[in-house]
Amino acid sequence: KQTVSGQSYESTTYVKGKRQRTESFGGMVNIIQCDLKLNLQINQNSQTYMVTPFAATTQTAAKPGTSSVDKNGVVQTGGRVTTTVTTKDTGERKQMFGYTARRLIITIETISSPDACSKTDSKMQTDGWYIDAAFALDCDYGMSGYGGGYTKKSGCQDKSNVKTVGTAKRGFAVYEKMTMFDASGRAMTTMVSEVVEFSQATLEANLFDIPAGYREVTDAAQMYAVSASSSSSPGSTA
């Protein structure tokens, strides 16, 4: 269950090997294929899907301070965007769903250099409880796990860096409280994600792949546009 600003909604997550499937409201499905380093977004209503490869942790770009400008005055290479991920194990433990849960506090802070193309300064802190289980998804998301690749459509590209502090592994999250902060350090948004029901069963492999007959689109707007137009068509039946 996810709760934001007093509003709650539920989703179902399935995990099998190196893949994870999450079903949420509105017929939306998100599949993570760690073995192929792909993220799939699927709209069951419009029978469309979108494929997003994991972004590389390190991108090839000019060194900070060596920005170049093309003949139209557009900056082609920018500065540096540094993301620091700090994981602190508080040492607290408790029993949850038959497992021993560990309390971790994870802080993700992103800072852009003055000459960066993308100003992505941000800070997010997660206070959560995690269990060590065989089904926990062990996945290297690259930069995708920290907000993307920092590349603008104009062609301007920054060099992105990820630093890690702390060696504690997350495991499977059974409770997380995530807080986003603004530039002044003030808390802006808080979201709580918690497991309310837990079970183990044998899952079919095709749950974690693109359904047969679905059409690929290039952006999320196309997925929703097709879904909206079909649902509003006169004479349509359920």
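1. Burial is judged by relative accessible area: a residue is buried under 20%, exposed over 50% and partly exposed in between, with a 1.4 Å probe and protein chains only. By this rule Thr-83 counts as buried, at 0% relative accessibility. Thr-83 is found in strand S8; strands are DSSP runs of E of at least two residues, and helices are runs of H or I of at least four, both numbered from the N terminus. Between Thr-83 and Asp-121 there are 38 residues in sequence, and their C-alpha atoms are 9.1 Å apart in space.

2. On the basis of the values, the model is a predicted one, in which local features need pLDDT of at least 70 and side-chain atom pairs count only at pLDDT 80 or more, while totals for chains, interfaces and linings use all residues. Residues are numbered from 1 along each chain as its sequence is written, and side-chain values use heavy atoms, with hydrogens and water left out.

3. The sheet deserves attention next. Six strands form an open sheet with mixed pairing, in the order S3-S4-S5-S6-S7-S14. S3 and S14 stand at the edges with a single partner strand each, so one side of each has no neighbour in the sheet. Two strands are taken to pair if DSSP finds at least two bridges between them. In general, the strands of a sheet pair through backbone hydrogen bonds, either parallel or antiparallel.

4. On one side, strand S3 (residues 12–16) pairs with S4 in the antiparallel sense over five bridges, and Thr-12 has Glu-23 of S4 as its bridge partner. S4 is also joined by five bridges to strand S5 (residues 28–33), and these two run antiparallel. Here Glu-23 stands opposite Val-29 in S5.

5. The turns beside S4 each hold a glycine of note. The hairpin of S3 and S4 has two residues between the strands, and Gly-17 takes a positive phi near 60° there. In the hairpin of S4 and S5, with four residues between the strands, Gly-26 takes a positive phi near 75°.

6. Further along the sheet, strand S6 (residues 38–43) and strand S7 (residues 48–53) run antiparallel and are joined by six bridges. Asn-43 stands opposite Thr-48 in S7.

7. How many salt bridges does a search of the whole structure find? The search finds eight, a salt bridge being a side-chain nitrogen of Lys or Arg within 4 Å of a carboxyl oxygen of Asp or Glu. One of them joins Asp-209 to Arg-19, with the closest N and O atoms 3.8 Å apart. Asp-209 lies in the loop between strand S13 (187–194) and strand S14 (215–216), and Arg-19 in strand S4 (residues 19–23), so the pair ties together parts that are 190 residues apart in sequence. Arg-19 counts as buried at 16% relative accessibility, whereas Asp-209 is partly exposed at 36%. Arg-19, Asp-35 and Asp-209 are linked in a network of salt bridges.

8. Two other salt bridges may be noted. Glu-92 and Arg-103 meet through their side chains at 2.7 Å, N to O. This pair links distant parts of the chain, with Glu-92 in strand S8 (residues 77–96) and Arg-103 in strand S9, 11 residues apart. Glu-92 counts as partly exposed at 34% relative accessibility, and Arg-103 counts as partly exposed at 22%. The side chains of Asp-89 and Arg-93 meet at 3.1 Å, N to O; Asp-89 is partly exposed, with a relative accessible area of 30%, and Arg-93 is partly exposed at 41%.

9. The last point concerns a pocket. On a 1 Å grid over the protein atoms alone, a pocket is an open set of points with protein on both sides within 12 Å along at least five of seven lines, whereas a cavity is a set where a 1.4 Å probe fits but cannot get out; lining residues have an atom within 4 Å of a point. Grid points are joined across faces, edges and corners, and a volume is the space filled by probe spheres set on the points. The second largest pocket has a volume of about 170 Å³. Its lining includes Asp-121, Phe-181 and Gly-185. Strand S9 (99–112) and strand S10 (122–131) each supply at least two lining residues, and S9 gives the most, with three.
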